[in-house]
Amino acid sequence: MNPTRSSREQHTQIGTDKRNRLRLCLNNPIAQTDLSNLVTNVATAIGSLANPETALDDQNYEPFTSIKKSVKPDHLVCMDCGKKFKTIKRHIKASHGLTVDEYKRRYGLPSDYPVTAPNYSEKRTSIAVNLGLGRKAKK
Ligand SMILES: [Zn+2]
């Protein structure tokens with residue numbers, strides 16, 4: 001009795017079994033459907049794990065555009081209706097009844113996602129700075 005040899009034989013046996021089972025799956029259309037369902041389920045489960053807050057929301061919201069495309073220098077695109085805004089906070093509350101947090105959670109937006117278009121907020125900052133300087137100069 002050679003233990004090394006017998007274990008290697010066993011290993012080969014298991015390998016052949018797996019291959020045969022795989023071949024059966026591929027030749028069987030029903031098994032193939034099951035397999036693709038399984039893949040979909042696994043993908044959904046992984047997606048839920050990656051986004052636990054999204055999983056709590058039982059409704060599935062289809063974003064109007066991608067996160068990247070929704071932020072432009074001069075405007076933001078509403079992920080819900082696709083309209084363009086310089087600042088989106090008032091719109092999502094008025095039109096969709098969402099707070100910024102709810103809106104971000106619904107569409108899986110990052111916490112640093114802007115609610116004001118970058119150029120617009122820059123202008124507002126410079127206006128505020130200019131006003132401050134003007135006031136100081138008057139004194
Ligand atoms: Zn909208």
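Y113 is partly exposed, because 17 other C-beta atoms lie within 10 Å; the term covers residues between buried (20 or more other C-beta atoms within 10 Å of the residue's own) and exposed (12 or fewer), with C-beta atoms placed from the backbone. Please keep in mind that this is a predicted model: local features need pLDDT of at least 70, side-chain atom pairs count only at pLDDT 80 or more, and totals for chains, interfaces and linings use all residues. Residues are numbered from 1 along each chain as its sequence is written.

**Overall layout and confidence**

- The protein chain has seven helices and two strands; these are DSSP runs numbered from the N terminus, with helices being H or I of at least four residues and strands being E of at least two.
- Starting at the N terminus, the order of elements is α-α-α-α-β-β-α-α-α.
- Mean pLDDT (the predictor's confidence in each residue, from 0 to 100) is 76 for the protein chain, with 55% of its residues at 70 or more.
- Among the elements, helix 5 (residues 89-96) has the highest mean pLDDT, 97, while helix 3 (residues 52-56) has the lowest, 50.
- The protein chain has 139 residues, and 9% of them count as buried.
- Taking contacts between residues at least 6 apart in sequence, 41% join residues at least 24 apart; a contact here is a pair whose C-beta atoms, placed from the backbone, lie within 7 Å.

- You will find C78 in the loop between strand 1 (76-77) and strand 2 (84-85).
- C78 counts as buried because it has 21 C-beta neighbours inside 10 Å.
- Leaving aside residues up to four places away in sequence, C78 touches F64, K83, F85, I88, H91 and I92.
- In soluble globular proteins, nonpolar side chains tend to be buried together.

- Y113 sits in the loop between helix 6 (100-106) and helix 7 (118-138), and its C-alpha is 8.7 Å from that of I67, 46 residues away along the chain.
- G108 is in the loop between helix 6 and helix 7, and is partly exposed because 17 other C-beta atoms lie within 10 Å.
- I67 is 41 residues from G108 in sequence, yet 8.7 Å away in space, C-alpha to C-alpha.
- S66 lies in the loop between helix 3 and helix 4 (67-70), and is exposed because 11 other C-beta atoms lie within 10 Å.
- Between the C-alpha atoms of S66 and V77 there are 9.5 Å, with the two residues 11 apart along the chain.

Notes. Contact = placed C-beta atoms within 7 Å.
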